[in-house]
Structures are given as C-alpha cells and as structure tokens.
Amino acid sequence: MRIDWTALPEAVTTEIADRVGGTHVTPATTGDHAEIAATVTGTNGRVFVKAASTDFGVRSLRFELRVSEAISGPLSPAVLWHFEAADWLVVGYEHCEGPHADLSPGSPDLDLLGEALTVLGETPTPDVPLFSPKARLGFEHSTMNGDTLVHTDLCPANLIVTPHGLQIVDWAMAAKAAPWVELAMLTPWLISAGHTPEQAEQWLARHPAWQSADPGVLDYFATKNAEKWASKSARSTAAWMHDLAAWTAKWSTYRLRTSNTAPTN
C-alpha cells in the first residue's frame, strides 16, 4: 500500500536529495508493490524513485531491481542507482516521459506494443531467479513452461509511450514461461480497452506464439484465469479485482462458446 513521501526517514530523503539534486516530488498514481513511488525532480534531472520497508515490499522491490538491472535496454528504463538506509530499500530508475499506452481498437500504440511483444518473445530469461507460471498465476499446465522472459502485467499503466518508443515498467512479477503466456495474460487488458474477445484474439493472432498455441490449452488458461479472479473478487471490495474478474470472464465465456475442443488438463 502506498504511503506519503513525508513518512520516509530523513536519512533516506537526504540521500535521495543528494543524488537527484533536490526533492520536488510528484507521487505516482498507479501501482502498489512499493510503499513509495514518485517522480523526483532536482538539478540533476528527473528520477523515478521506488522505496520499500515492509518485508513483502522489500522482497518485491529487490526482485524488480535484479530483473531490471539484468534486462535494462530499449524496452526497459535503466536502473540509475540504489541504496539501503534506515531499513528502507530505495531504487532510482530512469524517468520515462510520456502518456500511458492506449490499447483501444485502432490505436497507433498497438503497433508499438506489437513490436515490443516481438522483442520480448525472442528474449531469453536473464540469469536471475524468476517466477514460474504456477507461482505467478496460481495454476499450471505443462505447455506454460518455457525459457522466455514474460513480464506478465502489460496493463496500460505499465506501458509508457515516450519520444523514443514504448517503455515497459514494473518488472516485479516477471516470469520464465512459454511466449504465448504473455499474450494470454494481455487478453483481459485488450478487452478492458474496448476490444471484444474476438477482436483481441484477432490482434494477438498476428504473433506466431499465439498461432502455435494449442486451442485447448488457451481454453484451459482462460477458464482457470477467470475462475481465479472470480474467487479473488468474491472476497474483496477492490474495484480493480472486480474489473479483472469481468474481463477474464468475458474471454473465458467467448472461448467456451466458440471452442471445438475440451479444455486440456
């Protein structure tokens, strides 16, 4: 859960100010893996800062730091620095300037995303521990396993359209999996942006990984993912959980209505 910048110990804010050359803070409006997430502006420029102190927050941020350092490149902002002080882990990332991606039908941002997916689908996993498909999703199938780096959360909030191209942020849930898993996890976000399930699948079908995926396995994935979010949303009042339950249910219903195969176990 996010907390206010003023809750940071002086030792932390002083270290950040020294590195950035000031601390004009603009809090982030999305995400919750780190207690602190904000753009910090100073005489040395702008830095996106994440900080955590709880056990879960530190584990998550340390994982994200290791992955980000390993894959820093054209699709992911660079890690500029990191430090620990007063029981806080603090990471400074390259600031990404631009709006979040628009994934609605016909948006030019879809082309940028398509190019990024091609690159990701050809990216081997870095030499750091990553989530397995089961650990990330809570269900498994043998064909979900693979050697590809999978972000697993390509929602618009994690896609920033910069003057230099699309940047993918927040690698806190990165996994090692088959490349089609990334596409399957993207489907609810396409539906959330206004695609029908059929339109979403037509767009995903441009990618070889989708075309080669077993339809029965896609049925299984859609069903299990919808069941997971239905269960989670039934125990929560969080609006985003209920949204995900609705979007995953739409896709699952479509798959079951149009499929000629029984879900594969």
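Good morning. Leaving aside its neighbours within four places in sequence, Ala51 is in contact with Leu8, Ala34, Glu35, Ile36, Leu61, Trp88, Leu89 and Val90, where contact means heavy atoms within 4.5 Å. Ala51 belongs to strand S3. Strands, like helices, are DSSP runs numbered from the N terminus: a helix is H or I with at least four residues, and a strand is E with at least two. Is Ala51 buried or exposed? Ala51 counts as buried because its relative accessibility is 0%. Buried means under 20% relative accessible area, exposed means over 50%, and partly exposed lies in between, with a 1.4 Å probe and protein chains only. Ala51 and Tyr93 are 42 residues apart along the chain, and their C-alpha atoms are separated by 11 Å.

A word on the source. This is a predicted model, in which local features need pLDDT of at least 70 and side-chain atom pairs count only at pLDDT 80 or more, while totals for chains, interfaces and linings use all residues. Residues are numbered from 1 along each chain as its sequence is written, and side-chain values use heavy atoms, with hydrogens and water left out.

Let us turn to the sheet. Strands of a sheet pair through backbone hydrogen bonds, either parallel or antiparallel. Here, five strands form an open sheet in the order S1-S2-S3-S5-S4, and the pairing is antiparallel. Two strands pair if DSSP finds at least two bridges between them. At the edges are strand S1 (24–27) and strand S4 (79–85), each of which pairs on one side only. From one strand to the next, the twist averages 25°.

Strand S2 (residues 36–42) and strand S3 (residues 45–52) run antiparallel and are joined by seven bridges. Within this pair, Val40 has Val47 in S3 as its bridge partner.

Two helices pack on the sheet. Helix H1 (residues 10–20) touches S2, S3, S4 and strand S5 (88–94), and its direction makes about 155° with that of S4. Helix H2 (residues 55–71) touches S3, S4 and S5, and its direction makes about 35° with that of S5. Such angles run from 0 to 180 degrees between N-to-C directions, and axes are lines fitted to C-alpha atoms, for helices over the stretch in contact.

How many residues of S5 are buried? Six of its seven residues are buried, and S5 is described as mostly covered. S3 and S5 pair over six bridges in the antiparallel sense, and Val49 has Gly92 in S5 as its bridge partner. S4 and S5 also run antiparallel, joined by six bridges, with Ala85 partnered by Trp88 in S5. The hairpin of S4 and S5 has two residues between the strands, and in that hairpin Ala86 takes a positive phi near 50°.

A second hairpin deserves attention. Strand S7 (residues 159–162) and strand S8 (residues 165–168) run antiparallel and share four bridges, and the hairpin joins S7 to S8 through two residues. Leu159 stands opposite Ile168 in S8. In S7, Leu159 and Val161 point one way, Ile160 and Thr162 point the other way, and all are buried.

Finally, I come to the helix pairs. Two packed helices are described by the angle between their axes and the distance between the axes.

Helix H5 (residues 179–192) and helix H8 (residues 215–234) pack at an angle of about 45°, with their axes 11 Å apart. That makes H5 oblique to H8: angles under 35 degrees count as roughly parallel, over 145 as roughly antiparallel, 65 to 115 as roughly perpendicular and the rest as oblique. From H5, the contact is made by Trp180, Val181, Ala184 and Met185, and from H8 by Val217, Leu218 and Phe221. These residues divide into seven nonpolar, no polar and no charged. In this scheme Ala, Val, Leu, Ile, Met, Phe, Trp, Tyr, Cys and Pro are nonpolar, Asp, Glu, Lys and Arg are charged, and the others, Gly among them, are polar.

Helix H6 (residues 197–204) and helix H9 (residues 239–258) pack at about 80°, with axes 9 Å apart, and are therefore roughly perpendicular to each other. Pro197, Glu198 and Glu201 of H6 meet Lys250, Trp251, Tyr254 and Arg255 of H9. By class, that contact has three nonpolar, no polar and four charged residues. Thank you.
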